[in-house]
Amino acid sequence: MHYVIIGASAAGLSAAETVRLLDPQGAITLISEEAIRPYRRPMLTYLLGREAGLDDIWLRPPSHFYKLGVRALLGEGVVQVDPQAKEVHLAGGRVVRYDRLLVASGAQPRLLGIPGENLAGVFTLRHLADWQKLEANLRAGAAVAVVGAGPVGLKAAEALVRRGQRVILVEAEAGPLPRLLDQTAGFLLKQHLSGLGVELYFETRPVAILGDGGRVRALVLADGRELAVEVVLLAVGVRSRLEFFQGTSLASDGPISVSSFLQTQYPEIFAAGDCTAVPDFFSGKPTSYQIWPAAVSQGQVAGANMVGAGRRYAGLLPQNSISIQGFKIISGGLLAPDPQRTEVWSSFDDKRGVYRRLLFQEGCLVGVTLAGEVADAGIYFQIMAQKLPVKALPVDLRSPDFHPGKLWG
Amino acid sequence: MKTVIVRPERCVGCWQCRVACAVEHSRSKNLLGAMAEPVIPKARLRIFPGRLNLAFPNKCRHCDPAPCQQVCIAGAISRDPTRGVIDIAPERCINCGMCAMACPFGVLAYAPVWQVPEKRAVAVKCDQCPEREQAGRLPACVEACKVGALIYGDWETAQVEKGRLVAQAVFSGLLAQPEHAPPMPHTIRLWRQWG
């Protein structure tokens, strides 16, 4: 049995390790476009803020693939996958035949499609090479515009402030992390961002990047304002990398949809990680939500299923944690709840800056946002993941003194 | 693996374990010194008033597999291969809050520690006192507990022992002699005699 895995990050690596655990004999080939060993992608913004060094980002020791008995083709991009012939064509002309294929090719940063994006001084932050380019072009004290207030944009803004840059944050929606946070949590986060000295521009979008001699000079917003900046960092989301399916029946514009066994329409082709739309935890509809822990667990499930374990993926429960200068917000659950069916409860302690918001549907907890104090977040997610009826719990989740002791004591 | 076992029914909520824990995780490792340190140490277990307002000590269970270890994006959380204990490396922690999101028991807290004074806060939780273990001593909280609510031992043995105690209590109840039944209150006896 020959297992071929495209992508050597969170999903690909955990899949390779799971396959090796369950099938000690099978041949495993891991293909990655990046010519370096797997690293912790979420650490890139910490690298930018100099809170972590290059030594801190590697996922596994250099000898890991050798010890695991995995043939790693690092630095070789995939140009075409032929599901009929069961072949993967690499950029160097090499052809790899597979019995089981895992597509964990991840995603690449989206661009805005506005004029001036090809100027020197426009960057994205997704790969280690992006960080190296950004690092080499960042003059100390220069003004940087970060476009997009998602997790990457927020953490990059914080990191740039740490380095002493002047930071401008531009976001099309009314608040930061628009997919996860409501108005109050967004307001709290905004307060912390402006406390850091980040200049915030919400509900506006950039329409052009102006250059001077091929270098960025200014960012033009939709309302006509011109912001003088030297560097523009685009953090406006990601797009699945599935170009190699061109011309096959798996070709799609968005992420690739998979069953709850993480299988595509070809039973021998599996997919996991940022390039997939996996069944949602609540509705079962294909959803994509790119977060590191989800990619790791999908890789484990897909790896086991490639060997034939028949494991079902429990479903994607969107959740994320963001920490800006020690102020933490953890949020997750239903992303866009139907207001007719959802009971929303929230409490806000102005003095301590602690906010708690719970969403209920049909007697079950379906969403939670905690800001300021997040120690008990995992308990809420556990109640959500087990779909426990809240009436049966020994304590009301909404009581002001809810804590684990009331649940188990 | 030997671990700290919590017996909540015995806890009286005196908080001496919390003091002992904070002192053990201070730089000077004594109470007076700890209070004078620039970074005030934090206890790694919490005592909540439970139902009926009985105390409930909550601490890390050192799960296997550990959800916090699986989600840690900085690789700061690892399992000690010899001790079997889940530990957090403060110099690698980036204070992102992912572990609090994953922990089903809510045991993580974020606080500054003396090992990395330049960091605003790092994730802290029970590390089961590695220095004490090396010296063959009990963990600080167990040593401090006066009522046997925190014991140090093998959890499988502790579970068998507790099962035996429960069984003993049930059997002694079943075997109780009828004459040990409480006498009828005299008011009821008088009422029946009356008519």
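Mentor: Gladly! Helices (H or I, at least four residues) and strands (E, at least two) are DSSP runs, numbered from the N terminus, and the expected span of a helix is 1.5 Å times one less than its number of residues. This is a predicted model, where local features need pLDDT of at least 70, side-chain atom pairs count only at pLDDT 80 or more, and totals for chains, interfaces and linings use all residues. Residues are numbered from 1 along each chain as its sequence is written, chains are lettered from A, and side-chain values use heavy atoms, without hydrogens and water.

Trainee: How do you know that the length of helix α5 of chain A agrees with its number of residues?

Mentor: Its 12 residues, 151–162, should span 16 Å, and the end C-alpha atoms are 17 Å apart, so the two agree. Gly164(A), with a positive phi near 85°, follows α5(A).

Trainee: Why are β25(A) and β26(A) called paired?

Mentor: Two strands pair if DSSP finds at least two bridges between them. β25(A) and β26(A) have 7, in the antiparallel sense, and one of the bridges joins Phe360(A) to Leu365(A). β23(A) also pairs with β26(A) in the antiparallel sense, over 5 bridges. In the hairpin of β25(A) and β26(A), Glu362(A) has a positive phi near 50°.
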